[in-house]
Number of protein chains: 2
Amino acid sequence: MTVVDKTNHHLFQPLLYQVATGILSEGAIAPATRDVLRRHRNVSVLMAEVTGFDLEARVVRCRQPDGRPLTLPYDSLVVAAGAGGSYFGHDEFAEWAPGMKTLDDAVRHRTRILGALEMAELEEDDDVRAAWLTFVIVGGGPTGVEIAGQIAELGRRAIGHSFTRFGPNDVRVILCDGGKEILATFGDRLSQHATQGLERTGVEIRTEAIVQNVDATGVEVRSADGSTTKIASRTVIWAAGVAASPLARMLADASGAQCDRAGRIAVQPDCSLPGHPEVFAIGDMMSLNGLPGVAEVAMQTGIHAARTISGRLKGQEAKPFKYRDLGSMATISRRRAIVSFRGIRLHGYLGWLAWLTVHITFMTGFKNRFAALVSWSFAFLGHSRPQQVIDEQRMPGRTPR
Amino acid sequence: MTVVDKTNHHLFQPLLYQVATGILSEGAIAPATRDVLRRHRNVSVLMAEVTGFDLEARVVRCRQPDGRPLTLPYDSLVVAAGAGGSYFGHDEFAEWAPGMKTLDDAVRHRTRILGALEMAELEEDDDVRAAWLTFVIVGGGPTGVEIAGQIAELGRRAIGHSFTRFGPNDVRVILCDGGKEILATFGDRLSQHATQGLERTGVEIRTEAIVQNVDATGVEVRSADGSTTKIASRTVIWAAGVAASPLARMLADASGAQCDRAGRIAVQPDCSLPGHPEVFAIGDMMSLNGLPGVAEVAMQTGIHAARTISGRLKGQEAKPFKYRDLGSMATISRRRAIVSFRGIRLHGYLGWLAWLTVHITFMTGFKNRFAALVSWSFAFLGHSRPQQVIDEQRMPGRTPR
């Protein structure tokens, strides 16, 4: 069995925002894939980027880190390349408003956020300093809400008091969403709880706010009444819109399957491709029965593909995938979260305890769980941010020397 | 009071090798300087690079991260910019054999070491694979010994068994030193213990081996008998030679002081500059009474400069600096270290316990100590390496896409 990935790590995406805000180390949410699979002696892990498929010849084409090609033959193939951010046709925003999908993104955001505070401390011009102290998050889904809440915690509580040119209250965090409310999929009641919780933490929420432009100086937003305002900000984070990995399109072209507007490939009821029962596309890159692009769908389709393949080796027929909805959750601030689970809706501290339990359960490896618990004890009982390293190669406003 | 530094963190250099080999996270050895000083309300911390001094006008010239100039006036000035690696006139080696002085270096080495193992797993050519699996460390002082020991632990024990194209014993670690023995300053007995300990861990030691050349394919070494051999290696680490920060030369030019061969500025007995009792150069960048460039000298001269300045404000006269030698130590492998302290010489497990005590004591902040103890429990009781993230921006052999 071969696992091929362009990174060497198995990323626990739901906690990326904690790396971006200095709570967890990279290693805590991204153990080496090789290490995770070390007990499976029949698995080979290769670090290479997939560049194409030949479904007739049954080979995957890859590029090694040094650029050389690599061809991997297969009997059964599972493609689980996830999704990246989508700028809805405005890819030029990406330079000023990077997304939040990879570990590289998270480390970059950590450097951008902490670096912005350092730039503000150096800045003599009040307007420019205010722009360095204004953080705009585009997108009010769970990712946007979680990063907004934690930037507010970081800037307005944990470290905002350790500067001389500004105080914690000068740090502004603005969450923009195009819809009528944030976290709309959680329902009105939880959405309102989340709004109140975020506002208490110091996040300004702008709903029905459509981003028109992003550049080095800030964000242009159109309101419901059609008026356009400019928010001066040096740190914009893009948490709106999702587009499936380009591998979905490649698989679609190779198999004749369709892709939806988000670039997700329409799969058969068992997650395989039309005419290719030996090829599976799972998780965020597949489109099936309108299932959302959440971790639970990804994990359950992974298990389903594995069972289908091992069942086939025993001569069993493929069964259609059945999703078991385990609900969803999002942290709001230090010890608050909202949880929606089969009609049960939790919020506040109780929601946070549920969040804690689920995230500890699904992290990979005992050591990472233990390390996360230790970091969370410091971060959520006190206000500690143990990972505050600014990466000099990712520092904002950095000029060539 | 103003602290100016080109990074945002206070680096505990003695543990850089543990970041480079995946044991500790960056944050664990590099808390934010601002965070370390948060209780001192009269201290301002600025992130900028010092570019020059005007000792007559009493100003420090700096460059902000975005390139703009910044001028800081002072009454008293303490310059503590440390030292970097020296290539003895062969700066072209730096591209293939980076040093081990900054956090950036350590993260780069982590990516180079783990990346080399990944490249070996992909490589079909036996000779090239052997070169990816050969790690050469140049310099048999404490830094070279510690990183060599930990690369051997990492490759030959902790993770070497999780690859399919090679086994732990295919990983070679070669430590080259120009002298007759490694760790010569510790004396013959401890040096022999260290040699035996390293060899047991799997490090090959080559003494009287002078590096003639380093390039993309490896290292050329001249032996005592005058013969030259080539070691094929894709990962070379430079731990030989130290050169003071260029700021030492600037201070010397500005004050008329001399610099020694390592670029260290000759200071007055109280660590101040000739003719400038208000300016101090301390630690690795100063030359005084032949004191070595070790952490103890740096810490004690720091305290001395602080006391001299505060004493002067009370009208007291400056006293000459007196060094209290607290000995030196180096880890050899997982639970072995050597310690030399006032005629007492420890090695093996006892030495390691002394090493542990001292390093926990001198780490900054309770949280970092606790986090390090947790990581060390996993790493030294088991073989765990919690920080195995390969940074895509620092991956070896990476080609532009």
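Tutor: Take strands S11 and S12 of chain A in this predicted model. They pair in the antiparallel sense, over 5 bridges. S12(A) covers residues 218-222. One pair of residues shows how the strands line up: A:Val214 has A:Val219, in S12(A), as its bridge partner. In general, strands of a sheet pair through backbone hydrogen bonds, in either a parallel or an antiparallel way.

Now widen the view to the sheet. It is open and has 3 strands, in the order S11-S12-S13 of chain A. The pairing is antiparallel. Strand S11 (210-215) and strand S13 (228-232) of chain A stand at the edges. Each has a single partner strand, so one side of each is left without a neighbour in the sheet. From one strand to the next, the twist averages 20°.

Next, look at two helices of chain A. Packed helices are described by the angle between their axes and the distance between those axes. Helix H6 (residues 142-158) and helix H7 (residues 188-201) of chain A pack at an angle of about 25°. Their axes are 9 Å apart. Angles under 35 degrees count as roughly parallel. H6(A) and H7(A) are therefore roughly parallel to each other. Their crossing is left-handed. From H6(A), the contact takes A:Val145, A:Ala148, A:Gly149, A:Ala152 and A:Glu153. From H7(A), it takes A:Ala194, A:Leu198 and A:Thr201. By class, the residues of this contact are 5 nonpolar, 2 polar and 1 charged.

Step back to the domains. Chain A is assigned domain 1 (2-83 + 243-313) and domain 2 (91-240 + 328-388). The C-alpha centres of the two domains lie 28 Å apart. Their contact takes 22 residues from domain 1 of chain A and 27 residues from domain 2 of chain A. On the domain 1 side, helix H1 (16-20) and helix H2 (26-29) of chain A each supply at least two residues. H1(A) gives the most to that side, with 5 residues. The classes there are 15 nonpolar, 6 polar and 1 charged.

Last comes the partner chain. In chain B, 47 residues are in contact with 47 residues of chain A. Several elements of chain B each supply at least two residues of its side, including strand S2 (44-47) and helix H11 (366-381). The largest share of the chain B side, 7 residues, comes from H4(B). That side has 20 nonpolar, 16 polar and 11 charged residues.

Technical notes
Residues numbered from 1 in each chain as written. Chains lettered and ligands numbered in written order. Predicted model: local features only at pLDDT ≥ 70, side-chain atom pairs only at ≥ 80, totals over all residues. Pairing = 2+ DSSP bridges. Helix = DSSP H or I, 4+ residues; strand = E, 2+ residues; numbered from the N terminus. Axes fitted to C-alpha atoms, helices over the stretch in contact; angles between N-to-C directions. Domains from an automatic or database assignment. Contact = placed C-beta atoms within 7 Å. Nonpolar A, V, L, I, M, F, W, Y, C, P; charged D, E, K, R; others polar. Parallel < 35°, antiparallel > 145°, perpendicular 65-115°, else oblique. Left-handed = near helix turned anticlockwise from the far one by under 90°.
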